[in-house]
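Student: I have a model open and would like to go through its side-chain packing. Can we take it one question at a time?

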Amino acid sequence: MTENAREYAFSTLFFEATRRCNLSCPMCMASSNDREVVKRSKRAELTTDEIERHVLATAQQIGIRIITWSGGEFILRRDAAELLRRATRYGYESTVCTNATRMTRDKLVELEEASGGTLVVALGINSIDNESAWTRDADCDQTLQVLELCAELNIRRHVVVNVGRHNLETLERTLQWLDDHGISYNRSPYTARGSGAEYWDELHFSREQMESTIHPALRKHPNGYISYTPLFLSPEVHERVSGGERNVTVPQNPPIGCWCGTWLAVNTEGEVAPCGILLDEVGCGNVRDRTLYEIVDQSPVFHKLLDRNHLQGKCGRCRYKFTCGGCRAMALFHSGDLMAEDPTCFFEPVDETTVSEHEAETNRMFKRYAFMARQSRRQRSGGPPSTSR
């Protein structure tokens with residue numbers, strides 16, 4: 001980078017390190033249930049040394065502190081622990097996403113040691129009642145067993161809840177269970193990426209379902225404030241809490257709202273996208289050809305996403321366009337335009353002076369979330385224990 005190069009402050013790199021998987025979930029975003037896709041992908045997978053050279057050695061230039069390793073099933077890579085060891089040597093923290101079926105006590109211990117004690121294990125739960133079991137080719141009980149193992153081994157836990165029509169009836173109970181067990185989570189909206197396209201018309205949620213069911217459940221649980229939209233957080237409150245930290249215009253410390261501009265994603269073939277659920281849909285360049293910094297700095301997609309003044313429609317005139325940003329994946333999959341308004345948002349602002357009726361509640365819960373996030377960071381650096389394990 002040159003002396004006058006622009007600085008970027010992404011925090012997390014989502015690395016979909018393989019499409020290989022021992023399961024065949026029908027709506028897999030990585031198309032791991034498609035043998036032909038997996039076969040082609042395996043030939044093009046980044047090797048261990050390529051991952052170090054093209055990802056680990058360069059990601060800090062754009063601010064990355066955390067690598068989220070995913071798949072497919074990441075631990076099917078024979079070099080999984082070695083990748084964590086190399087990431088640790090560069091100073092990164094590691095999160096491992098897993099379907100739980102191959103995750104044993106010995107493997108957890110190995111990964112925790114490889115991560116230098118920074119490991120977070122992220123598992124998917126669509127419904128704690130197992131009522132949407134068909135959406136995952138595994139029993140929810142296996143996931144719960146791994147969560148219990150993590151607690152026993154003092155390894156931090158996280159849950160990804162894929163939200164769509166398949167789990168509307170059980171969503172509140174699932175989030176309450178996670179709250180009761182002190183487990184952080186993020187919602188991941190059902191999208192038409194990969195094999196999800198086959199069920200898109202059947203399973204994507206509507207604006208009305210967001211207003212009546214999904215949003216009331218999300219906004220009442222601070223453990224999930226890590227990311228969801230619409231987020232009616234006062235820009236003034238975030239400014240005070242964060243000290244004004246931004247990645248260009250995208251709020252940080254802590255990051256909230258749409259993850260585009262906080263995360264970026266790389267698939268196993270090296271293609272870069274602004275979000276994990278936009279991999280294979282929005283290509284910004286390949287790490288084999290250019291550094292991550294060059295991809296971000298030269299990509300028109302990143303230029304627009306990082307400056308939320310480019311947002312269109314009601315997102316562009318909204319008081320919360322910086323603290324929320326609208327879900328860019330929902331905009332793309334519904335309209336074909338990444339910068340269009342989020343069609344699943346029920347808020348109708350006249351202009352930037354229009355205040356949501358949910359702002360006060362959101363501000364209050366966000367402060368709790370920010371406190372918990374900072375407590376967790378202090379705990380990782382040797383401070384007092386947190387309830388997030």
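Student: How many aromatic pairs does the structure hold?

Tutor: This is a predicted model, in which local features need pLDDT of at least 70, side-chain atom pairs count only at pLDDT 80 or more, and totals for chains, interfaces and linings use all residues. Residues are numbered from 1 along each chain as its sequence is written, and side-chain values use heavy atoms, with hydrogens and water left out. Rings of Phe, Tyr and Trp (its six-membered ring) pair if their centres lie within 6.5 Å; planes under 30 degrees apart count as stacked, over 60 as edge-to-face and the rest as tilted. The number of aromatic pairs in the structure is 15.

Student: Is the pair of Tyr 8 and Phe 10 stacked or tilted?

Tutor: The ring centres of Tyr 8 and Phe 10 are 6.5 Å apart. Their planes make an angle of 35 degrees, and the pair is tilted.

Student: Are Tyr 8 and Phe 10 buried or exposed?

Tutor: Buried means under 20% relative accessible area, exposed over 50%, and partly exposed in between (1.4 Å probe, protein chains only). Tyr 8 has 7% relative accessibility, so Tyr 8 is buried. Phe 10 has 1% relative accessibility, so Phe 10 is likewise buried.

Student: Which residues do ring pairs link into a cluster?

Tutor: Two of the members are Tyr 8 and Phe 10. The cluster linked by ring pairs is Tyr 8, Phe 10, Tyr 293 and Phe 302.

Student: Which parts does the pair of Tyr 190 and Trp 200 tie together?

Tutor: Tyr 190 and Trp 200 are stacked, at 6.3 Å centre to centre and 15 degrees between the planes. Helices (H or I, at least four residues) and strands (E, at least two) are DSSP runs, numbered from the N terminus. Because Tyr 190 and Trp 200 sit in separate parts 10 residues apart in sequence, the pair ties together the loop between strand S6 (184-189) and helix H7 (200-203), and helix H7.

Student: With which side chain does Arg 187 make a polar contact?

Tutor: Arg 187 is in strand S6 and counts as buried at 10% relative accessibility. Beyond neighbours within four places in sequence, its contacts (heavy atoms within 4.5 Å) include Val 161, Leu 218 and Thr 229. A polar contact is a pair of N or O atoms within 3.5 Å; within protein, one must be able to donate a hydrogen and the other to accept it, and residues adjacent in sequence count only if both atoms are side-chain atoms. At 3.2 Å, the partner of the Arg 187 side chain is that of Thr 229.

Student: Where is Glu 281 found?

Tutor: Glu 281 is partly exposed, at 38% relative accessibility. Glu 281 touches Ala 192, Arg 193, Gly 194, Leu 332 and Phe 333, leaving out residues up to four places away in sequence. Its location is the loop between strand S10 (272-273) and helix H10 (292-298).
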